[in-house]
Amino acid sequence: MKLNNIWTPWRLSYIKEADKIKTCIFCESFKKPDRDSYIVYKGKTCFVVLNIYPYNNGHIMIAPYRHVASLEDLNEEERTEIMDLMVKSIKILSSEYNPHGFNIGINLGKAAGAGVEHHLHVHIVPRWVGDTNFMPVLGETKVLPELLDSTWDRLRKAFNRVA
Ligand SMILES: [Zn+2]
């Protein structure tokens with residue numbers, strides 16, 4: 001007799017949930033139409049996608065297509081393209097949003113705050129004086145003046161112009 005099934009029926013849904021989490025949101029994203037996954041630009045080895053839980057307007061992420069976890073796993077082509085896309089992103093976000101600065105970073109590992117720890121991605125967050133002082137406090141819901149769809153339209157066009 002499996003007591004587990006009687007006393008902890010919720011475990012089944014927990015296990016099902018845990019199974020689902022095995023699929024990687026980055027690997028899934030570029031299989032869908034760009035608009036559905038908010039991809040603003042597709043390069044040769046890497047792509048640029050909006051963060052759907054943005055810290056600020058224009059919060060984007062750059063990731064390689066390959067499912068790799070750390071910087072040392074990237075090949076030379078990917079390293080070069082990530083850097084190139086970082087520069088392009090900064091130029092585009094600067095002209096579209098006029099931020100006062102940027103936070104750019106990679107969270108390596110869960111302990112460092114990586115939400116998706118097995119697929120490397122670079123965060124680029126535009127910042128304005130007075131928005132909030134420190135990124136870790138931004139875990140809470142914030143009211144963002146611009147909707148995700150209009151951010152996508154705007155950045156998609158801008159990336160197409162630059163590319
Ligand atoms: Zn992946």
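Begin by selecting β1 (39-42) and β2 (46-50), which pair in the antiparallel sense over three bridges; strands here are DSSP runs of E with at least two residues, numbered from the N terminus, and two strands pair if DSSP finds at least two bridges between them. This is a predicted model, in which local features need pLDDT of at least 70, side-chain atom pairs count only at pLDDT 80 or more, and totals for chains, interfaces and linings use all residues. Residues are numbered from 1 along each chain as its sequence is written.

With three residues between them, β1 and β2 form a hairpin, and Lys 42 stands opposite Phe 47 in β2.

Five of the five residues of β2 are buried, so the strand is largely enclosed by the rest of the structure. Cys 46, Val 48 and Leu 50 lie on one side, and Phe 47 and Val 49 on the other.

Finally, select helix α6 (residues 148-162), whose buried residues are Thr 151, Leu 155 and Phe 159. Seen down the axis of α6, these fall within an arc of 55 degrees (taken from the directions from the helix axis to the C-beta atoms), so they line one face of the helix. The face turned away carries the exposed Asp 149, Ser 150, Asn 160 and Arg 161.

Terms used
A residue is buried if 20 or more other C-beta atoms lie within 10 Å of its own, exposed if 12 or fewer, and partly exposed in between; C-beta atoms are placed from the backbone. Helices (H or I, at least four residues) and strands (E, at least two) are DSSP runs, numbered from the N terminus. Two residues are in contact if their C-beta atoms, placed from the backbone, lie within 7 Å.
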